[in-house]
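Trainee: I am new to this structure. Please show me how to read a few of its features.

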Amino acid sequence: MANAHAHSTSALPISDQIVLITGGARGLGAALTKTFVAEGASVVINYRTSEDAAGELVKSVQGQGGRALAVQADITDFRAVLAMFKYVQEEWNAPVSTVVNNALVDFSFNGDERPHADEIDYEHFDAQFRGSVGGAVNTIQSALPGFRELGSGRVINIGTNLFQNPVVPYHDYTASKAALLSVTRTFAKDLGPLGVRVNMVSGGLLRTTDASSATPPEVFDGIAASTPLGHVTTPEEFAAAATFFASPASRAVTGQNLVVDNGLVFD
């Protein structure tokens, strides 16, 4: 009976879902928030320090008839994350049904300023692992009581195409996201019997977010020229693809990594 329930609720339309987006106030996170709201979801905008941006985004969403809630929590702090999920359930009287692990520990996408292999120290790796892997594990574990209540759940992890195409020395960032891909697959296997699907959406450099604002224009132009579609992916295009893993259309898909980069790399 439990499996039948999980199967039915896995087909929950996005418009009936509560979607929590970590780092949802700025950059790609804001694009994800707006896209899920446009699909009719109730969106929880998690932020660490971007209180003003989160508040403005909530006002914008509500002004357009959408439903959004901004909640502060450092995703590397398990107790804070657990409290966030409890707060959302109390405020909206329903559990979170989809988690998007988007938050990024402070990082600037400018290859000219990143330490190379002969000079990077492990502290860089540790910080990125703590954010990408630690943060994702915290949010997934905090979401599980709600997923069990619903009989299903959706986790969407944000990755990178640098696994396949390490053209810039983002050693720490790339390693942490590669580890997150392993978490995606092992958690998909482990949580599948609960009706929980875990997938990853991986992009390349996006034109433009706060994190990629330091990237020189010629780098964007070079990437565009290297793609079959002649275009650098925008945050809005990436966010639109991410909604697939929350929709009933992907109810039979788990443990997958969807690369959204206009064909720059083929996974």
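Predicted model: local features only at pLDDT ≥ 70, side-chain atom pairs only at ≥ 80, totals over all residues.

Trainee: How are two packed helices described?

Mentor: Two packed helices are described by the angle between their axes and the distance between the axes. Here, take helix H2 (residues 27–38) and helix H8 (residues 235–242): their axes come within 8 Å and cross at roughly 55°. H2 and H8 are therefore oblique to each other. The crossing of H2 and H8 is right-handed.

Trainee: Which residues make the contact between H2 and H8?

Mentor: From H2, they are Leu-28, Ala-31, Leu-32, Thr-35 and Phe-36, and from H8, Pro-235, Glu-236, Phe-238, Ala-239, Ala-240 and Ala-242. Sorted by class, this contact of H2 with H8 has nine nonpolar residues, one polar and one charged.

Trainee: Is Ser-42 buried or exposed?

Mentor: Buried means under 20% relative accessible area. Ser-42 has 8%, so Ser-42 is buried. Ser-42 is found in strand S2 (residues 42–47).

Trainee: What does the side chain of Ser-42 make a polar contact with?

Mentor: Its partner is the side chain of Arg-67, at 3.0 Å. Leaving aside neighbours within four places in sequence, Ser-42 is in contact with Gln-17, Ile-18, Val-19, Arg-67 and Trp-92.

Trainee: Where is Gly-203?

Mentor: Gly-203 is in strand S6 (residues 196–203). Its relative accessibility is 5%, so Gly-203 counts as buried. Not counting residues up to four places away in sequence, Gly-203 touches Gly-159, Thr-160, Asn-161, Phe-238 and Val-260. Phe-238 is also one of the H8 residues in the contact with H2.

Technical notes. Residues numbered from 1 in each chain as written. Heavy atoms only, no water. Axes fitted to C-alpha atoms, helices over the stretch in contact; angles between N-to-C directions. Helix = DSSP H or I, 4+ residues; strand = E, 2+ residues; numbered from the N terminus. Parallel < 35°, antiparallel > 145°, perpendicular 65-115°, else oblique. Left-handed = near helix turned anticlockwise from the far one by under 90°. Contact = heavy atoms within 4.5 Å. Nonpolar A, V, L, I, M, F, W, Y, C, P; charged D, E, K, R; others polar. Buried < 20%, exposed > 50% of the residue type's maximum accessible area, 1.4 Å probe, protein only. Polar contact = N/O pair within 3.5 Å; in protein donor to acceptor, adjacent residues only side chain to side chain.
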